[in-house]
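Subject: Handover of the two-chain model

Hello,

I am passing this structure on to you. Please look at it first; my notes on what was found follow below.

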Amino acid sequence: MGAYLAVGLNFEIDIAKNDVAKAGWSESKLLDELEKELFIDASNYELASNEDSLVYRLRTDTLAKLLIPLLEKVYPLLYPRQNHWQRVIHELSATPPENWLDWAEESEHDSFYMDGDWDEFAIGAHPDKVYGSLSNIRLMMEGKFYMEESSKSFHFLQYCISNSFPENSLCRSLRIYILG
Amino acid sequence: MGQYLAIGLSTKISVNRAELEATKWSFEYLVEQMSGKLALSLDNYHLEARPDEWLWTLRPELLAAELIPLLEALYPALYPLPDPDNDSEAVLRGLRERDPGEWMEWANRKPHYLFQDDPYGTSDYLRADFGRRVGIHYRDLALSMEGKILMEEYGRQFRFFQQCLAHRFGDFALARSLRVYITG
């Protein structure tokens, strides 16, 4: 039991549809706010569902083009030894990109593991805040972790992580979050 | 009481010589481990061989040239919203009013929350054979603190964060001396 600090890759953003309507936001305004607050590149996402909630998911063609090059940059910074991640790269290379998320769900690798929607957020101003959750693929976790107040530090670290590899726009989907 | 998550600049890095000798490591191998495993940019420091320790001190000319421009870029990212703790303008004004040679003495007096000498940051440890280890000890210029924090293990992630900071502020050699650490 306990919480952990995780570094992961966001692949899905789930947003309360009622909140967006209440705030009177257009889709374009919503995407602008997501880019500003989460540092993502919204053009890497597509609307996957518009029923109970708005679900934006990473485009398969973006993942296919940018995921492995990003992981090859990020893993060596996260792990001192290649054996923590080399099999992940090998197995991703051998799997069609459209199956990567399914593979993450069944993954036995700590360095590429579907975490689900632990990571929650709120954007906009009170009283019309828009709430949502982020589903991430965990790339690493450490802990146990407990922190009473972390918003400023995490926001700054998130900003730096998202801007570390400007040549790869998928970098902007990297997340730090608390798990558990 | 308690510990805090801090972001700062490492102004001094030290290694106890007796501890190093007990490992049978050469000094060159130590430097290789510090640069590799801990991703420290020792080029930013002036090395001094003291009787009891190896001491790396941040080069004064680098600090004089880059501290203000780095903080001008970094503080707005740390404090993007109005915040009562944000006294960054006062820090920058205080630095501009002083000779660079006086900056560290000023930090020692802890003039501002966002600019204070911090001798309490956690150390790193390099493992050697037979359970021996070499402690890498830091003295930092704390630029941000938030907490309280309790974390059992954090080395790899914090190192990742530090390297992301160095990438983001890559226009400054001084950014390679930024550290994410626990203090208090």
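Which residue of β7(B) does A:Met147 stand opposite? A:Met147 faces B:Ile149. The strands concerned are β6(A) and β7 (residues 149-151) of chain B, which run antiparallel and are joined by three bridges. Strands count as paired if DSSP finds at least two bridges between them. Helices (H or I, at least four residues) and strands (E, at least two) are DSSP runs, numbered from the N terminus.

Some conventions before the rest. This is a predicted model, in which local features need pLDDT of at least 70, side-chain atom pairs count only at pLDDT 80 or more, and totals for chains, interfaces and linings use all residues. Residues are numbered from 1 along each chain as its sequence is written, while chains are lettered from A and ligands numbered from 1 in the order in which they are written.

Where the chains meet

The contact takes 25 residues from chain A and 24 residues from chain B; two residues are in contact if their C-beta atoms, placed from the backbone, lie within 7 Å. On the side of chain A that touches chain B, β1 (4-16), α3, β5, β6 (145-147) and α6 (151-162) each supply at least two residues. The most comes from α6(A), with seven residues.

The largest nonpolar core has 84 residues, and A:Leu70, B:Leu143 and B:Leu165 have the most contacts inside it. A nonpolar core is a set of buried Ala, Val, Leu, Ile, Met, Phe, Trp, Tyr and Cys residues joined through C-beta atoms within 7 Å. A residue is buried if 20 or more other C-beta atoms lie within 10 Å of its own, exposed if 12 or fewer, and partly exposed in between, with C-beta atoms placed from the backbone. β1(A) gives the most to this core, with eight residues. Leaving aside neighbours within four places in sequence, B:Leu165 is in contact with A:Cys160, B:Ala175 and B:Leu178.

Chain A

Helix α3 of chain A (residues 60-78) has a kink of about 40° at A:Leu66, shortly before the proline A:Pro69. The bend at a residue is the angle between axes fitted to the seven residues ending there and the seven starting there. Buried residues of α3(A) include A:Leu63, A:Leu66 and A:Leu70. The buried residues of this helix pack against β3 (53-58), α4 (86-93), α5 (100-105) and β5 (130-143) of chain A.

Strand β4 (residues 113-123) of chain A runs antiparallel to β5(A), with eight bridges between the two. They form a hairpin with six residues between them, and A:Gly124 in the turn has a positive phi of about 85°.

Chain B

Chain B has six helices and eight strands. Its radius of gyration is 17 Å, close to the 16 Å that the globule rule gives for 184 residues, so chain B is as compact as a globular protein of that length. The radius is taken over C-alpha atoms, and the rule is 2.2 Å times the number of residues to the power 0.38. Buried residues make up 36% of the chain.

Backbone points to check

Most residues other than glycine have a negative phi, and most peptide bonds are trans. A cis peptide bond joins A:Gly143 and A:Lys144, with omega about 10°. The bond from B:Gly147 to B:Lys148 is cis, with omega near 5°. Phi of B:Lys24 is near 70°, a positive value in a residue other than glycine. B:Lys24 is exposed, with 11 other C-beta atoms within 10 Å.

Regards
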